[in-house]
Amino acid sequence: VRVQSRTPGQGDTSTFRKGWPPTSSRASSPDRVSTIRPFVPQDGLARLPQALIIHHEEYSTEPSQISHPKTSKTPSRFNFQRTRVTALVVLYMVVGLTLVAVADQTSVRGGNYNEAVILFFAGLIAMFFPTAVRVLAPDVIRQERFTLIILLGLALYAVKIIGSPSSFTFIDEYIHLRNTQNILDTHHLFGLNPLLPTAAYYPGVAAVCASLVDLTGLSPFVSGLLIIGASRLIISACLFLIAEKATKSSVAAAGASLLYAANPMFLFWSSSFSYEDLALPLAAFVIWWIARTRGETDRLIPIITIIVIAAVAVTHHIAAFALSALLGVWWLTERLFRRSNARRRIVGTMALVSGSTSLIWFFFVARPAVSYLFGENILPALQQTAALISGHAKPRHLYSGGGGPAAPEWYMLAGFAAVALIVFTLPPALYRAWSIAFQRDESSLYRNRGVNVALIIAMVVAAAFPVSQLPRLTTQGGAISARSSEYLFTGLGCVLGLLAEKAARPRRTRLRRPYFRAWAWIRTLVIAAVITVILLGEATIASSYTELLPESSNPTGYPWMVQPDVIQASEWAREHLGFNQPIAVGIVDSQALATYGEQDTITASAWPIFLSNTMNSVVVNTIITNKVRYVFVDWRMIDGVPTNPGNYYFSPWEPQSGKYTKPIPAVMLRKFATTDCSRLIYSFGSIQIFDVTRIENGSCIPRTARTAHSGQVAS
Amino acid sequence: MNTRHQRTLVGILFVAAMTLVAAFIAVPEVFRIILGISMVFFIPGLAIMHAAFPSKELAPTERLLASLGISLGATVCTAVLLAALPVGLTRDSISITLAGSTIIVSSYAWFRMRFTATRKRNLDVRPKVSYARSERKITHGRLQRFCGDLRLY
């Protein structure tokens, strides 16, 4: 409905349509923003169109909902009110971090864990909710949104640092710490990594960490924190800018960034010192860089792009493949919709470069990665998912992993609520994105901008989210489902961000109804609350209940974090046994032994050595086959069941994996002390190290092995 | 020539030269940390940005972000390349390579900036007639080139 109106004192006429906001597409110049608003009398009834009075000064608080970097008109003057509100939001972040720190300390000191978890979530809410409200609010300039999104990313990174302030704690961090140590020791690549052999063939993060250690003299831990902190800054900024380009709205971009921050991996996994956490931000940077510079003709720009693409290819396999696929889809989509050749060509070229670099590195350099990725991870997950769909397998009971205390109901409910919220809001969000992408939207905000290719890609990525939840119901696919969210939430964020922008936007649907500005604020609060619920729910999906907070310094059962006495024993082993000795050890202690001790730990294939009541032929054969020279015994194994998600001591393939309800019997560990073929060489606290070299070289065969299967042992 | 660009390039060259010096001479630890962090996270990218965009002004946030991303990418590639070569990844090798390449790129950026400035000066066809400050925005551009100082527009 078009209404003709008259501005007082000027005499010229202008037109406006029902709905908000007035946009730059209707304004005569990109910088000039129409601020026409009909005056509604106090009785709430609009008069005839001719009687309407136009107030140009209204809406001046929000310059433009389009907010394109080049066209948005941002106030340049210092605004004390705005700065004060931003400072308040930052203060809330600090309060939230303080609450998280108190929760962590409560857990470490052995306080009430349930209360500590509630305090932890309260801290997350204090950090996230005010920021979400602020960045989605209508009267905020783009630069403030951008700054707050980056600050939120860094604050969520600080949550991880507060949890482990003095050393690495996650298994992936130990894997890459070992890689870094190898490079620092040998100055070359591809040193043996017993924790994950494949990781040695993707040395990007370890090489840059070793460079930083060499250049600054800082420890690998501090260097790793700096690198991942810089990566966090890159991904927060790039995702905002990419989403802004895709959605043409800084509010939608802020919503997209908030939703990405709510993905289950963002809080802890993406903050760890791991190869993916450097490669993914660099991949996001490549996308932003290409989108930003594809119109430039300088010859240096493609070279820069190729350098960063190469960095991604040597840092992480999945991130490199995802980047190649995204660039390929981008090129293909633009080809379908007939974009200009020159701009399309650079995307196609870079897709080709990225694809070929990734594949060459994957197949010719990182050869063990093929079996690791497909044989050990993707194919088993696909097989189990197929069995689940065909009805041949039962779904996994969610939130049951680990042998620790059961998660409370609210914890599980939050996870289900998060997934349900995303799934239920996805169809309308996809519809809205489709309307905008193909110019079917009636609001003039997105008209005359051509087919939005970026949004089409985001829709495709977002539509894969429900499918990605299926493997979560299997034992092997849970990790893949969770990790895929790091990629899927990019598209999901853009699509749901558009819906959030539409909902949060102040509007007047009926001229006859009095304008009530608070409705916009109420809608903003509701949207911020919904995204906060998604954040909390997704956090419960990523971490088991017992591993959400740091472990107590005096754990009662079998610990899931490396303990100080294990580190002490590992350092003793390095000093007295030398480097790279083959030592059989449990999965948790192997992390310290491989890094602090720099030993060649044997874990996955070592379970028969430990999980037998006597030194029988199987134990002896396993020692001989794996060339085990030492056995690392942690007596805390008999105190409790493993609380890791797979619920195992050594390997997911051990007989009772995932089914432990009580700890292993003491006789399984006592056997090393009773046999005359092994020798105790270290004993402190719960840790003992036995020398089984005589069994390994065949010079001594335990009596129990001889009597049982002497022929088998001799062979 | 843009004096701000010049000053930035001088700063980049100074930090790179100091990193080279620090590779051979013992310097205070704080100084070493500052140099090392800036060389890994910022300086090479900033030098490359100046070489790629000698005259065009990017937004400060974009320039910072690009410097960070390019520096990290370049450091990853340099470190992996050095570790793969017989020379190995050592303190000396990474310092010399990063600082040396930064100096080369900065020098290239310097000459490119000068060339761009000279070319701009030669192509500048604006009339030497003074006009009011308020009119400069309007008269600067293609229209003025056609109209000269006759103010026909």
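Q: What is the strand order in the open sheet of five strands?
A: In this predicted model, the open five-stranded sheet of chain A runs in the order β4-β3-β5-β7-β6, and its pairing is mixed.

Q: Which strands stand at the edges?
A: Those are β4 (600–602) and β6 (679–684) of chain A, and each has a single partner strand, so one side of each is left without a neighbour in the sheet. Ignoring direction, neighbouring strands are turned by 25° against each other on average.

Q: And how many bridges join β3 to β4(A)?
A: Three bridges connect β3 (residues 582–584) of chain A with β4(A), the two running parallel, and within this pairing Pro582(A) lies opposite Asp600(A).

Q: Switching to the largest nonpolar core, which residues touch the most other members?
A: The core has 199 residues, and those touching the most other members include Phe120(A), Trp289(A) and Phe632(A), while helix α6 (residues 220–247) of chain A contributes the largest share, 14 residues.

Q: What is Phe632(A) in contact with, leaving aside neighbours within four places in sequence?
A: Among its contacts are Val566(A), Ile583(A), Ala584(A), Phe610(A) and Ile689(A). There is also a second, separate core of 32 residues, which includes Met668(A) and Phe690(A).

Q: Where in chain B is the pLDDT below 50?
A: Residues 134–139 of chain B are one such stretch, with five contacts in the model beyond near neighbours in sequence, and residues 149–153 of chain B also stay under 50. Where pLDDT is low, the predicted coordinates should not be read in detail. Chain B averages a pLDDT of 80, with 74% of the residues scoring at least 70.

Conventions. Residues numbered from 1 in each chain as written. Chains lettered and ligands numbered in written order. Predicted model: local features only at pLDDT ≥ 70, side-chain atom pairs only at ≥ 80, totals over all residues. Heavy atoms only, no water. Core = buried A, V, L, I, M, F, W, Y, C linked by side-chain atoms within 4.5 Å. Buried < 20%, exposed > 50% of the residue type's maximum accessible area, 1.4 Å probe, protein only. Helix = DSSP H or I, 4+ residues; strand = E, 2+ residues; numbered from the N terminus. Contact = heavy atoms within 4.5 Å. Pairing = 2+ DSSP bridges. Axes fitted to C-alpha atoms, helices over the stretch in contact; angles between N-to-C directions. pLDDT = per-residue confidence, 0-100.
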